[in-house]
Amino acid sequence: MKDIYESEMKFGSFSEMDLFEIEKSQLLKKLGKGIKSVEFILLNKKRNIIFLEAKKTCPNENNMHQTKEKEEKFGEYYDSIAEKFAESLQVYMASIVNRYDDQEEVGENLRKIEDYHDKRIQLVLVIKEAETEWLAGPKAILGEKLLTLRKIWKAEIVVLNYELAKKYNLVGNV
């Protein structure tokens with residue numbers, strides 16, 4: 001069983017057979033700079049493939065138009081997260097279709113999926129300090145930025161705070 005510590009949260013415990021710690025993987029390092037990734041990929045108990053990105057905080061949409069700098073930082077924040085989801089999906093799929101030799105870092109259960117038809121791909125952003133009522137904003141923004149990925153892969157966008165992530169058995173007490 002494995003715990004992952006990120007953005008002041010403890011994710012896990014997860015079976016290593018269901019996990020790909022893509023952000024810390026040798027595969028990502030070998031691919032070189034410029035490829036972004038989420039923290040990890042998980043095949044959960046419901047057999048969903050979760051691409052999880054963790055953040056402590058998130059910029060407030062209501063304040064983004066106060067200055068040009070805030071607008072730019074707001075856009076960069078969400079662009080970066082969207083890139084992480086898209087590039088992580090590509091690296092994962094490339095690894096399981098044998099484009100690379102070092103697949104052993106991808107958990108066996110993630111590697112051996114034969115039929116993706118009944119698997120849900122969930123792009124999950126956990127924002128530790130976000131209010132529950134406020135999560136619809138980041139979800140809508142990511143939904144728009146990831147429209148093509150959502151259409152092609154039938155991927156779902158999920159945005160959670162710490163409390164909701166606990167309910168989904170993604171985080172535990174630090």
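Visitor: Which residues is K84 in contact with, leaving aside its neighbours within four places in sequence?
Guide: In this predicted model, K84 touches K36, S37, V38, E53 and K55.

Visitor: And where does K84 lie?
Guide: K84 is part of helix α2.

Visitor: Is K84 buried or exposed?
Guide: K84 is buried, because its relative accessible area is 13%, and the cut-off for buried is under 20%.

Visitor: What about S95, buried or exposed?
Guide: S95 counts as buried, at 1% relative accessibility. S95 lies in helix α2. Apart from neighbours within four places in sequence, S95 has contacts with L27, Y100, Q103 and V106.

Visitor: OK, how about E76, buried or exposed?
Guide: E76 comes out as exposed, with 51% relative accessibility. E76 lies in helix α2, which spans residues 68-96.

Visitor: What is the phi of N98?
Guide: N98 has a positive phi of about 65 degrees, although N98 is not a glycine. You'll find N98 in the loop between α2 and α3, and N98 is exposed at 58% relative accessibility.

Visitor: And what is the phi of N169?
Guide: N169 is not a glycine, yet its phi is positive, about 60 degrees. N169 is in the loop between α6 and β8, and counts as exposed at 61% relative accessibility.

Conventions
Residues numbered from 1 in each chain as written. Predicted model: local features only at pLDDT ≥ 70, side-chain atom pairs only at ≥ 80, totals over all residues. Heavy atoms only, no water. Helix = DSSP H or I, 4+ residues; strand = E, 2+ residues; numbered from the N terminus. Buried < 20%, exposed > 50% of the residue type's maximum accessible area, 1.4 Å probe, protein only. Contact = heavy atoms within 4.5 Å.
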